[in-house]
Amino acid sequence: MNLPLNIDLQQILLHLLNFVILAGGLYILLYNPVKKFMDRRKEYYQGLYDEAHRQKEEADGIKEEYERRLKEVDSEIIAVKQKANEEARTEAAKKLDAAKAEGDRIIAKARKEAESEKQRIVSDVSDEINDLVGEAIDKMLKSSSGDAIDDFLDTVKR
């Protein structure tokens with residue numbers, strides 16, 4: 001059957017049938033494998049994304065744990081510093097007390113030595129005075145021609 005302008009309806013239907021067969025064949029041969037390939041690829045990349053997301057969450061958790069530990073370490077460092085400062089103050093106070101006690105002991109020893117030196121000097125001076133008095137009495141007795149008591153009394157009156 002020929003239509004005007006030399007168009008054959010049978011040829012058009014055959015071409016349509018060929019196109020449907022070609023499209024069906026290509027669908028069966030190409031579409032399903034390509035679709036399966038694309039689905040596998042999508043699953044692969046989704047798996048990579050999920051793994052990366054999981055690792056990121058894990059890393060964030062580790063980061064938070066480290067930050068928490070750093071804060072704990074900072075507080076421990078502060079506590080250790082405070083304890084060391086307190087121990088240093090205590091030790092300094094002990095050394096200061098020991099130094100004061102040593103100073104007091106040295107001062108007491110020096111006073112005791114000064115007192116004993118004073119007593120020794122007084123004793124030496126007392127002995128010298130006694131010796132001088134004895135010598136003076138001896139000289140007076142030697143030089144006096146008369147009674148020693150009279151000479152003494154004369155000396156005292158003058």
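Tutor: Let's start with Arg-89 and Glu-86, whose side chains meet in a salt bridge at 3.7 Å, N to O; the term takes in a side-chain nitrogen of Lys or Arg within 4 Å of a carboxyl oxygen of Asp or Glu. Keep in mind that this is a predicted model, where local features need pLDDT of at least 70 and side-chain atom pairs count only at pLDDT 80 or more, while totals for chains, interfaces and linings use all residues. Residues are numbered from 1 along each chain as its sequence is written, and side-chain values use heavy atoms, with hydrogens and water left out.

Why are Arg-89 and Glu-86 about one helical turn apart? Because they sit three residues apart in helix 1; helices here are DSSP runs of H or I with at least four residues, strands are E runs of at least two, and both are numbered from the N terminus. Arg-89 counts as exposed at 54% relative accessibility, whereas Glu-86 is partly exposed at 46%. The cut-offs are under 20% relative accessible area for buried, over 50% for exposed, and partly exposed in between, using a 1.4 Å probe and protein chains only.

Now try the pair Arg-54 and Glu-51. Their closest N and O atoms are 2.3 Å apart in a salt bridge, and these two residues are also three apart in helix 1, about one helical turn. Arg-54 is partly exposed at 39%, and Glu-51 is partly exposed at 33%. Further along, Arg-120 forms a salt bridge with Glu-117, with 2.2 Å between the closest N and O atoms. Again the spacing is three residues within helix 1, so about one turn separates them. Arg-120 has a relative accessible area of 41% and Glu-117 one of 33%, making Arg-120 partly exposed and Glu-117 partly exposed too.

Some of these contacts join up: Glu-65, Arg-68, Arg-69 and Glu-72 are linked in a network of salt bridges. Across the whole structure, the search finds 10 salt bridges.

Then there are the rings. Two aromatic pairs turn up, where rings of Phe, Tyr and Trp (its six-membered ring) pair if their centres lie within 6.5 Å, and planes under 30 degrees apart are stacked, over 60 edge-to-face and the rest tilted. Tyr-27 and Tyr-31 are a stacked pair, 4.7 Å centre to centre with 15° between the planes. Both lie in helix 1, four residues apart, about one turn of the helix. Tyr-27 is partly exposed at 45%, and Tyr-31 is partly exposed at 41%. For Tyr-44 and Tyr-45, the centres are 5.2 Å apart and the planes meet at 70°, so that pair is edge-to-face.

Tyr-27 and Tyr-31 also belong to a nonpolar surface patch, along with residues including Leu-22, Ile-28 and Phe-37; the patch has about 1,000 Å² of accessible area together. Patches are made of residues with over 30% relative accessible area and no salt bridge, joining like charges within 9 Å and nonpolar side chains (Val, Leu, Ile, Met, Phe, Trp, Tyr) within 5 Å. Phe-37 sits in helix 1, residues 9-143, and is partly exposed at 44%.

Stepping back, the protein chain has two helices and two strands, in the order β-β-α-α. Buried residues make up 1% of its 158 residues.

Terms used:
Accessible areas come from the Shrake-Rupley method with a 1.4 Å probe; for residues, only the protein chains shown count as cover.
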